[in-house]
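Please keep the sequence and the three-dimensional view open while reading the points below.

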Amino acid sequence: MRLKKLKAARKTMGFFRIHFKIRPPYKLIMDGCFLHNAYKVKFEELIRKLFQADVTIYITNCVRAELEQLGEKVADTLDAAKKLRVLKCGHKHSPLAPAECISKLVGGNNAKKYVVASTDTELMDKLRVRFGFVLCLYR
């Protein structure tokens, strides 16, 4: 990772630390597509290097259900997902779409100070309108 990107990330997280009280260790919620794309590289090291702090990575029950539904195509990603911490979203018996689940879990004002990592542009646009959300996008 280049020095300029790290410096920009440090300044951005400094802004969120001051104005929205989002402090380390950061609680990062990933959706299935982000996890699948990031699994190809050593994402845990890169995320910790990007945030320059401790990061706890979470998924929800709905994300895990989506990965199980996709089957053999994402078997390696599912194995990686089983090692991550799971946030209880309350949709275990009737899972929602991961974007909807994450949106409901984070809520309107991000009271629990989550960082959302997703490749879903609709989810990102929905959260970008609200204040106090740190969003990670992987292309």
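**Note on the structure**

1. Gln 52 is found in the loop between helix H3 (43–51) and E2. The model is a predicted one. With a relative accessible area of 39%, Gln 52 is partly exposed. Leaving aside residues up to four places away in sequence, Gln 52 touches Leu 6 and Arg 10. Gln 52 and Lys 88 are 36 residues apart along the chain, and their C-alpha atoms are separated by 27 Å.

2. The overall architecture may be considered next. The protein has 7 helices and 5 strands. Along the sequence these elements follow the pattern α-β-α-α-β-α-α-β-α-β-α-β. The radius of gyration is 15 Å, close to the 14 Å given by the globule rule for 139 residues, so the protein is as compact as a globular protein of that length. Taken along the principal axes, the box filled by the C-alpha atoms is roughly 40 × 30 × 25 Å.

3. Three further values describe the protein as a whole. Of its 139 residues, 41% count as buried. The exposed surface comes to about 8,600 Å², and carbon and sulfur atoms supply 53% of it. Among contacts with a separation of 6 or more, 66% are accounted for by residues 24 or more positions apart.

4. How do H4 and H6 pack, and at what angle? Helix H4 (residues 61–70) and helix H6 (residues 98–106) pack at an angle of about 170°, and their axes are 8 Å apart. An angle over 145 degrees counts as roughly antiparallel; H4 and H6 are therefore roughly antiparallel to each other. On the H4 side, the residues in this contact are Cys 62, Val 63 and Glu 66, which meet Pro 98, Cys 101 and Ile 102 in H6. By class, the residues of the contact of H4 with H6 comprise 5 nonpolar, no polar and 1 charged.

5. H4 deserves a point of its own. Its buried residues are Asn 61, Cys 62, Val 63 and Leu 67. These buried residues pack against strand E1 (26–30), helix H2 (32–39), strand E2 (55–60), helix H5 (75–82), strand E3 (85–87) and H6. Just after H4 comes Gly 71, with a positive phi of about 80°.

6. The buried residues of H6 are Pro 98, Ala 99, Cys 101, Ile 102, Ser 103 and Val 106. Their cover includes E1, E2, H4, strand E4 (114–118) and helix H7 (121–129). Gly 107 follows H6, and the phi of Gly 107 is positive, near 80°.

7. Not counting residues up to four places away in sequence, Leu 87 touches Ile 29, Tyr 58, Ile 59, Thr 60, Asn 61, Leu 105 and Tyr 114. One of these, Asn 61, is also among the buried residues of H4. Leu 87 and Ile 102 are 15 residues apart in sequence, and their C-alpha atoms are 10.0 Å apart in space.

8. Leu 35, His 36 and Tyr 39 in H2 meet Asp 76, Thr 77, Ala 80 and Ala 81 in H5. The contact of H2 with H5 has 4 nonpolar, 2 polar and 1 charged residues.

9. Which residues does Thr 77 touch? Thr 77 has its place in helix H5 and counts as buried at 2% relative accessibility. Apart from residues up to four places away in sequence, Thr 77 touches Leu 35, His 36, Tyr 39 and Leu 67. Leu 35, His 36 and Tyr 39 belong to the H2 side of the contact with H5, while Leu 67 is one of the buried residues of H4.

Notes
Residues numbered from 1 in each chain as written. Predicted model: local features only at pLDDT ≥ 70, side-chain atom pairs only at ≥ 80, totals over all residues. Heavy atoms only, no water. Axes fitted to C-alpha atoms, helices over the stretch in contact; angles between N-to-C directions. Helix = DSSP H or I, 4+ residues; strand = E, 2+ residues; numbered from the N terminus. Parallel < 35°, antiparallel > 145°, perpendicular 65-115°, else oblique. Contact = heavy atoms within 4.5 Å. Nonpolar A, V, L, I, M, F, W, Y, C, P; charged D, E, K, R; others polar. Rg over C-alpha atoms; globule rule 2.2 N^0.38 Å. Buried < 20%, exposed > 50% of the residue type's maximum accessible area, 1.4 Å probe, protein only. Areas by Shrake-Rupley, 256 points an atom, 1.4 Å probe, with all protein chains shown as cover.
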